[in-house]
Amino acid sequence: MAHLVCQSSKKRYPLNSPIWQSEVGGLLDVEFETDWNWASILSRKPSLWRYLEALPIDNEANIISLGEGFTPIQEIEIAQRKVWLKLEYLFPSGSYKDRGASVLISKAKELGITSVVQDSSGNAGASIAQYAARAGIQCQIFVPKDTSPSKLIQIQSYGADLCLIEGSREDTAYATKQATQRHYYASHVYNPFFLQGTKTFAYEVFEQLREKLPDTLVLPAGNGTLLLGAYIGFQDLKRMCLIDKIPKLVGIQAENNAPIYQMFQTNLQKLPHFQPRPTLAEGIAIAQPVRAKQIIEYVKQTRGIFLAVSEEQIIQTWHFLAKKGYFVEPTSAAVVAGLEQYILHYAQPNEKILSVLTGSGLKAIDKIQKIFLK
Ligand SMILES: *Cc1c(COP(=O)(O)O)cnc(C)c1O
């Protein structure tokens with residue numbers, strides 16, 4: 001039986017409850033045991049919905065899909081070592097957030113939801129707006145006023161109601177919480193159905209690499225939606241005895257905004273108070289990651305670590321990637337800069353490593369023009 005469970009009180013709620021936190025304000029996770037047979041999956045279309053039995057949707061008619069998922073994995077040489085990159089920017093909206101948004105909005109449709117609200121500094125908002133449009137669900141996206149113009153234009157193009165909030169990211173969060181009293185909260189951070197979508201990343205890596213499964217995954221750690229999803233997905237595969245162990249998770253932050261890295265390094269029990277500095281890696285510039293403890297716990301479970309990268313490293317890596325033919329967001333370059341740091345200082349000689357390119361460069365044209373091409 002599947003249900004929602006509160007991280008603090010451990011209380012369970014029916015899977016189909018339209019809630020985003022527990023009665024005590026705790027974070028929710030989906031508990032969902034899945035069992036599928038590979039033979040039937042292999043004959044299906046190459047999208048994340050091929051893992052249907054593993055996704056918490058009761059009726060296939062509710063699936064809202066734009067053909068997302070099954071992104072390619074390519075080999076590339078970094079710091080004289082061959083590693084894999086999964087091209088997670090090849091999604092309909094231009095970022096891997098479509099994994100979570102496709103599943104979350106499908107679930108919203110199944111629950112009979114007619115309007116959703118979400119807050120984001122960009123890609124998650126664009127992705128939710130995209131699937132809400134496709135589902136015919138009304139959508140309101142709250143963003144801080146200084147969000148990059150190309151992302152705002154994308155959100156508006158899908159017909160979402162864009163609310164620009166003056167002030168800090170926290171002011172945006174406050175305005176959003178007010179709106180959640182009237183509309184379903186399609187948050188990539190709180191709503192646990194989002195992680196049920198990002199977990200398909202693990203299934204794909206397993207299916208695509210099989211006998212050569214990576215020992216280590218180098219992933220972004222902003223709100224950790226891909227990292228948490230990867231852990232959940234590999235845990236499923238382990239439970240089904242398809243793999244022996246979950247790959248080591250390495251989470252990458254930007255030095256200028258690295259609360260999880262700090263928490264991990266100094267063994268803090270809660271988020272540090274600090275003044276975040278601006279970073280080119282806007283996708284992982286999260287000063288108050290709500291699921292920080294869960295992210296650190298999962299990384300520790302796999303004997304992984306966190307690394308932080310400098311602005312200079314982000315710039316150099318962005319140019320390196322562009323010259324290899326990958327036009328990505330600065331945030332994606334930060335992850336690969338972390339990958340290089342990991343290879344140079346931590347990797348074992350035969351360790352098989354996979355990382356990701358998370359977002360398209362088309363998302364950040366203005367920034368790229370101003371900073372990288374000047
Ligand atoms: C959201 C996002 C990230 C970071 O993901 P988290 O879930 O916040 O850890 C990285 N890159 C891009 C392009 C993103 O949109």
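Good morning. I shall begin with threonine 358, where an N or O atom of the side chain lies 2.7 Å from a nitrogen atom of the ligand. Please keep in mind that this is a predicted model.

A polar backbone atom of glycine 224 is 2.7 Å from an oxygen atom of the ligand, and for glycine 222 a backbone N or O atom is 2.8 Å from a ligand oxygen. How much of the ligand's accessible area does the protein cover? On its own the ligand has 380 Å² of such area, and the protein covers 97% of it. The space that the ligand takes up is the largest cavity.

Let us now consider the surrounding shell. There are 16 residues around the ligand, and those that come nearest are Lys97, Asn123, Asn223, Gly224 and Thr225.

Finally, I turn to salt bridges, of which the whole structure has 16. One of them joins glutamate 23 to lysine 11, with the closest N and O atoms 2.9 Å apart. Where in the chain do these two partners sit? Lysine 11 belongs to the loop between strands E1 (3-6) and E2 (12-14), while glutamate 23 belongs to the loop between E2 and strand E3 (28-31). The two residues are 12 apart, and the pair links distant parts of the chain. Thank you.

Key. Residues are numbered from 1 along each chain as its sequence is written. This is a predicted model: local features need pLDDT of at least 70, side-chain atom pairs count only at pLDDT 80 or more; totals for chains, interfaces and linings use all residues. Side-chain values use heavy atoms; hydrogens and water are left out. A residue is near a molecule or strand if one of its heavy atoms lies within 4 Å of it. A polar contact is a pair of N or O atoms within 3.5 Å; within protein, one must be able to donate a hydrogen and the other to accept it, and residues adjacent in sequence count only if both atoms are side-chain atoms. Accessible areas come from the Shrake-Rupley method with a 1.4 Å probe; for residues, only the protein chains shown count as cover. On a 1 Å grid over the protein atoms alone, a cavity is a set of points where a 1.4 Å probe fits but cannot get out, and a pocket is an open set with protein on both sides within 12 Å along at least five of seven lines; lining residues have an atom within 4 Å of a point. A molecule sits in a cavity or pocket if more than half of its atoms lie within 2 Å of its grid points. A salt bridge is a side-chain nitrogen of Lys or Arg within 4 Å of a carboxyl oxygen of Asp or Glu. Helices (H or I, at least four residues) and strands (E, at least two) are DSSP runs, numbered from the N terminus.
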